[in-house]
Structure formats: structure tokens, C-alpha cells
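Please walk me through the structure shown here.

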Amino acid sequence: MHLKSFSYSSEDGLQVGEALNLRLNLDGNRHGDIWGGKLDLRVDKGQLYTDPFFAEIAEDAPFELSLQGKLDGDTQRMGISALSFSYGGLFSGQGSLDVNLSARQLQDLDLKFQLSDLSQAYGLLLKPLVIGNALDDMTVNGQVQGQLQLTGAGLQAFSLKLQQVDVEQNAGLFGLKKISGDVHWKRSGAKPRSRLSWQGGHLFRIAFGAVDAGFTAHAGSIIMEPLTLPLLGGRLQLSDLSLDGLLDNSLGWQARAELENIQLEALSHSLDWPVLEGSLQASIPRLHYRDALLRMDGKLLVDVFGGRVVVEGLKLEDPLGVAPVLETSVRLDNLDLEQITQVFDSGRIQGSLEGYVRNLQLVAWQVTAFDANLRSPKKDKRPHRISQRAIDNLTELGNGASVSLSSTMLRFFEDFAYDRLALKVRLRGAVAELDGVPNPKGGYYIVKGARLPRIDVIGRNHKVAWKDLLSRIRDIRFDDMIVE
């Protein structure tokens with residue numbers, strides 16, 4: 001049979017063929033209630049849609065299907081001993097299957113397949129299944145071979161062989177280069193070891209090095225062997241990494257992590273931050289992810305700026321969605337202000353800084369709420385000196401108007417002594433509330449001076465629009481820097 005410009009559509013519109021050219025050859029014979037024979041189908045023109053997949057078929061990339069087997073009219077069982085299919089140079093497969101036609105149930109399927117061009121196969125086979133999340137906008141290259149076994153109870157086993165696969169999420173969320181490996185999974189029985197390696201990759205703008213990882217995949221879980229990931233001049237060590245919920249649609253994972261000798265200068269370059277010095281050492285007792293929620297148990301300790309930054313209560317909702325929500329709290333212990341102001345070059349300040357940023361919330365990576373309290377420690381052992389430019393910048397931050405000391409008689413003084421620094425910021429919605437050290441004469445001290453010539457920086461505004469405060473921060477005069 002040869003059909004030209006053949007079209008069809010189901011009532012619900014989920015199965016559609018448009019302007020199809022197809023050839024069908026059927027050779028069959030009957031012995032009692034059993035039919036045996038062979039079917040060959042070739043489609044070389046038209047459009048096919050079977051929800052949610054769509055294919056544009058052309059003569060140079062036809063779809064071909066071949067079946068050979070038997071149909072038992074008494075038991076309504078169809079056994080296909082030889083099955084093969086191909087679609088252009090994108091994918092092909094060979095195998096066998098057994099179907100109970102009366103129950104409309106697949107009894108058994110054993111299939112080997114090859115994806116020769118992942119770039120186009122991704123758009124045809126995977127992208128329609130992940131529309132609406134970060135996986136629907138990727139560039140994928142390479143080749144994959146595989147085998148799977150299904151019964152009426154579902155998928156029983158599969159294996160994949162990946163060859164030089166490159167994956168890049170086009171919004172820059174993640175990427176992996178030259179992925180190779182053999183992946184095996186079984187619902188029951190033996191637990192074969194799998195291996196997966198790559199030559200490099202990135203998560204957001206953080207690049208990492210090559211990995212060769214071993215693991216076992218069995219039933220609803222994947223258990224990883226301990227692995228070391230080269231990262232920012234140091235390394236990330238992952239242990240007790242496991243995934244579960246693969247069979248009941250409740251995917252989750254957990255792990256313990258150690259960060260060793262992560263170079264803050266490399267981190268700064270990756271994130272386009274001002275150059276930080278030193279290294280990061282951290283121990284994360286447990287990270288776990290389930291129901292699109294990532295949580296960190298315990299505290300992340302960062303030794304930086306001569307002191308320590310403590311991150312705790314970290315959780316990230318819907319990390320791959322369009323509006324992820326990050327919540328955490330940060331504590332600052334005995335940071336060296338001179339090191340900080342040298343890095344950001346916004347005017348030199350000597351002294352120490354402590355405080356916290358609690359209930360920090362970011363929605364779609366935009367700050368929406370926090371409670372911050374930054375101050376000088378009560379028994380600070382570091383000297384307290386502040387430069388003219390630092391005073392100008394803090395004055396503008398607290399009041400929205402700058403006062404240039406260089407235009408006054410105080411221009412002859414390079415820096416000034418101060419008693420203490422303090423700044424409180426509370427953000428809720430579009431309004432930020434500002435405060436500092438109470439001033440009996442009104443307002444609040446951001447910088448409370450000491451000795452002569454005494455300089456005080458007093459804030460008068462207790463409430464300011466968050467967008468205006470951000471504008472003030474952007475207007476702070478940094479040498480060779482633009483704050484965005």
C-alpha cells in the first residue's frame with residue numbers, strides 16, 4: 001500500500017498526521033488461529049504528532065519500522081521476535097516485544113537503541129518532556145547507546161554507554177564536557193557497578209575539573225562512591241552521596257561535603273567580585289534535597305578577612321525553576337575592616353566588624369528581605385581610624401547626600417579616630433529601615449567619633465525606599481569599580 005498526502009487526527013487532537021507519504025508492505029499467512037508474517041513501514045514525508053512528540057519527516061531522513069512475528073487470535077497475544085526502527089541518522093533500535101492485545105498491556109520488551117546525534121535527538125525526544133524547567137533549554141552533543149527491558153510491571157533494567165557527550169544549559173546554570181561512561185540499573189537481582197566521568201564543567205559561573213566517579217544503581221536508589229572534585233584551586237570531597245525515590249516520583253538526594261583550600265581569589269574572578277584573598281575551608285555535615293527543596297544541616301564556616309563568616313539555616317526552593325527562593329542567615333565574627341576596605345577600595349577603615357544578617361531571602365536571586373546588624377566589637381583590639389573618603393561614602397549611604405571633607409578645613413587630615421561603627425538595616429518589601437548607635441540629639445550614629453578633630457557620621461533617615469538605598473550603594477565611590 002502506498003499512501004500520498006495522507007492525514008488523520010484523533011478526536012482529542014493528541015494523535016495527528018499531516019500530509020504523510022508512506023509505504024506499507026505486509027506479508028502474512030495463517031495456520032489455524034495463528035497468523036505469522038512481516039510488516040515494513042516507511043514514512044518519507046509529512047508531519048507526525050503523538051503527544052507530546054512532534055516530528056517533521058523528509059525524504060532524506062525517513063522513518064522506517066520493521067516487525068516480524070506472530071499473532072495468536074485465540075489468546076490475543078502478539079509476539080514480535082524481530083523489531084527494528086530508525087529515524088534518519090538520529091536514532092535507531094532493534095529488539096523484541098510481547099503484547100496482550102485484549103488487555104492492551106505490554107508483557108515484555110527487550111530493546112537496544114542508538115542515539116547517533118544527541119543534538120537533534122534531544123529536541124525531538126527529551127525537550128517535549130521537560131518544557132517549563134531549566135532542562136528545556138540546553139545544547140547537547142555526542143552519542144549514546146543503550147538497552148532496556150520492560151514488562152507489565154514496568155521498567156526492569158537499562159544500561160547506557162555515553163561517548164563524548166557535551167551538555168550546556170543555555171542560561172548558564174550548568175554544563176559538563178566530554179562525558180563518558182557506562183551506566184547500569186536493575187530493579188532487582190545483581191547490582192552492577194557503573195562508571196561516569198567528565199573532563200570539566202561548571203555550576204552557574206563556578207568551574208570545576210575532571211571526575212571519574214563510580215556508583216551502583218539499584219531499584220529506587222543510586223549510591224555513589226566517595227569522590228573528589230577539583231574546584232577553584234582546591235577540592236570538594238563528597239561522601240555518603242545517595243539518591244532515592246527514583247521509582248515513586250519523589251526524587252531526593254543527600255550528601256556530606258568537605259571544602260579544602262578553595263581559593264577565594266579564584267572564586268572572586270569566577271563571580272566578578274572584587275578580589276578576595278585567602279582560602280576557604282568548610283565542613284558541611286549534611287546537604288539534602290527533596291520535593292524541589294535543598295537544605296543544609298549544620299553550619300558553613302568561612303575563614304576570610306582575618307575573621308570568620310558563619311552561614312547557617314540555608315535552604316533553596318525550586319533551584320531550577322524560574323523564581324528560586326533562597327533563605328539563610330549569616331554571622332560575622334571579628335572581620336578586619338582594613339582588609340575589607342582594601343579589597344573594595346571604598347575608603348580605608350581600620351578596626352573590626354561583627355554582626356549578622358538574619359532571615360536573608362532572595363527570590364529569583366533578588367534580595368527581598370533581611371535583618372542586618374553590623375557593628376564594632378565592644379572590646380576591639382584593632383586601632384580605630386577612618387579616612388575622609390570612607391566618611392563621605394558612609395554619610396551618603398545614611399542620608400542620601402554627600403558632604404565632601406576635601407572642601408573644608410578638615411581636608412588637611414588624612415584620617416580620623418572613631419569610637420565605634422554601627423549600622424542596622426531591616427528590609428521588608430520595598431522599604432528599608434535604618435538605624436545605628438542612638439544619638440541623644442536625634443538621628444543615629446553610623447560612625448561615632450573620638451578625640452579631636454572629631455568626626456561623627458549621623459544618619460537622619462530611619463526609612464528609605466529599598467531602590468533608593470540600592471542607588472546610594474551604587475553611588476559609593478569605589479576606585480576602578482562599578483557597583484551593580
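The questions and answers below concern a predicted model.

Q: How many aromatic pairs does the structure hold?
A: The count covers the predicted model. One of the pairs joins F158 and W185. The total is eight aromatic pairs.

Q: What is the geometry of the pair F158 and W185, stacked or edge-to-face?
A: The two ring centres are 5.8 Å apart. Planes under 30 degrees apart count as stacked. Here the planes meet at 25°, so the pair is stacked.

Q: How many residues apart in sequence are the parts that F158 and W185 tie together?
A: F158 belongs to strand β10, residues 154-169. W185 belongs to strand β11, residues 174-186. The pair therefore ties together parts whose separation in sequence is 27 residues.

Q: Is W185 buried or exposed?
A: The cut-off for buried is under 20% relative accessible area. W185 has 6%, so W185 is buried.

Q: What kind of pair do W198 and F208 form, stacked or edge-to-face?
A: W198 sits in strand β12 (residues 193-198) and F208 in strand β14 (residues 206-208), ten residues apart. Both W198 and F208 are buried. Their ring centres are 6.2 Å apart. Planes over 60 degrees apart count as edge-to-face, and these stand at 65°, so the pair is edge-to-face.

Q: Which residue of β13 is the bridge partner of G175?
A: β11 and strand β13 (residues 200-203) run antiparallel. Four bridges join them. In β13, the partner of G175 is H202.

Q: Which residue in the hairpin of β13 and β14 takes a positive phi?
A: β13 and β14 run antiparallel, joined by three bridges. Across these strands, G201 stands opposite F208. Two residues lie between the strands of the hairpin. The residue with a positive phi, near 55°, is F204.

Q: Which residues make up the covered face of strand β17?
A: In a regular strand, side chains alternate between the two faces of the sheet. In β17 (residues 227-231), T228 and P230 form the uncovered face. The covered face is L227, L229 and L231.

Q: Which residue in the turn between β17 and β18 has a positive phi?
A: Five bridges join β17 to strand β18 (residues 234-244), and the two run antiparallel. P230 stands opposite R235 in β18. The hairpin has two residues between its strands. The turn residue with a positive phi, about 50°, is L232.

Q: Which strand supplies the largest share of the lining of the second largest pocket?
A: This pocket holds about 480 Å³ of space. β3, β4, β6, β7, β8 and α1 each supply at least two lining residues. The largest share is four residues, and it comes from β4.

Q: How many residues of the lining of the second largest pocket are charged?
A: The lining has 17 residues, and those closest to the pocket centre are F53, F63, F91, L124 and L125. Of the lining residues, 15 are nonpolar and two are polar. The number that are charged is none.

Q: At what distance from the ring centre of Y356 does R358 lie?
A: R358 lies over the face of the Y356 ring. A charge over a ring must be within 6 Å of the ring centre. For R358 the distance is 3.6 Å.

Q: What is the peptide bond from D51 to P52, cis or trans?
A: Most peptide bonds are trans. P52 lies in the loop between β3 and β4. With omega near 5°, the bond from D51 to P52 is cis.

Q: Where is K178, which has a positive phi although not a glycine?
A: Most residues other than glycine have a negative phi. K178 has a phi of about 55°. At 32% relative accessibility, K178 is partly exposed. The place of K178 is strand β11.

Q: What distance separates the C-alpha atoms of D336 and R308?
A: D336 is in strand β24, residues 325-336. With 13% relative accessibility, D336 counts as buried. R308 is 28 residues away along the chain. The C-alpha atoms are separated by 9.8 Å.

Methods:
Residues are numbered from 1 along each chain as its sequence is written. This is a predicted model: local features need pLDDT of at least 70, side-chain atom pairs count only at pLDDT 80 or more; totals for chains, interfaces and linings use all residues. Side-chain values use heavy atoms; hydrogens and water are left out. Rings of Phe, Tyr and Trp (its six-membered ring) pair if their centres lie within 6.5 Å; planes under 30 degrees apart count as stacked, over 60 as edge-to-face and the rest as tilted. Buried means under 20% relative accessible area, exposed over 50%, partly exposed in between (1.4 Å probe, protein chains only). A charge sits over a ring if NZ of Lys or CZ of Arg is within 6 Å of the ring centre and within 35 degrees of the ring normal. On a 1 Å grid over the protein atoms alone, a cavity is a set of points where a 1.4 Å probe fits but cannot get out, and a pocket is an open set with protein on both sides within 12 Å along at least five of seven lines; lining residues have an atom within 4 Å of a point. Grid points are joined across faces, edges and corners, and a volume is the space filled by probe spheres set on the points. Ala, Val, Leu, Ile, Met, Phe, Trp, Tyr, Cys and Pro count as nonpolar, Asp, Glu, Lys and Arg as charged, and the others, Gly among them, as polar. Two strands pair if DSSP finds at least two bridges between them.
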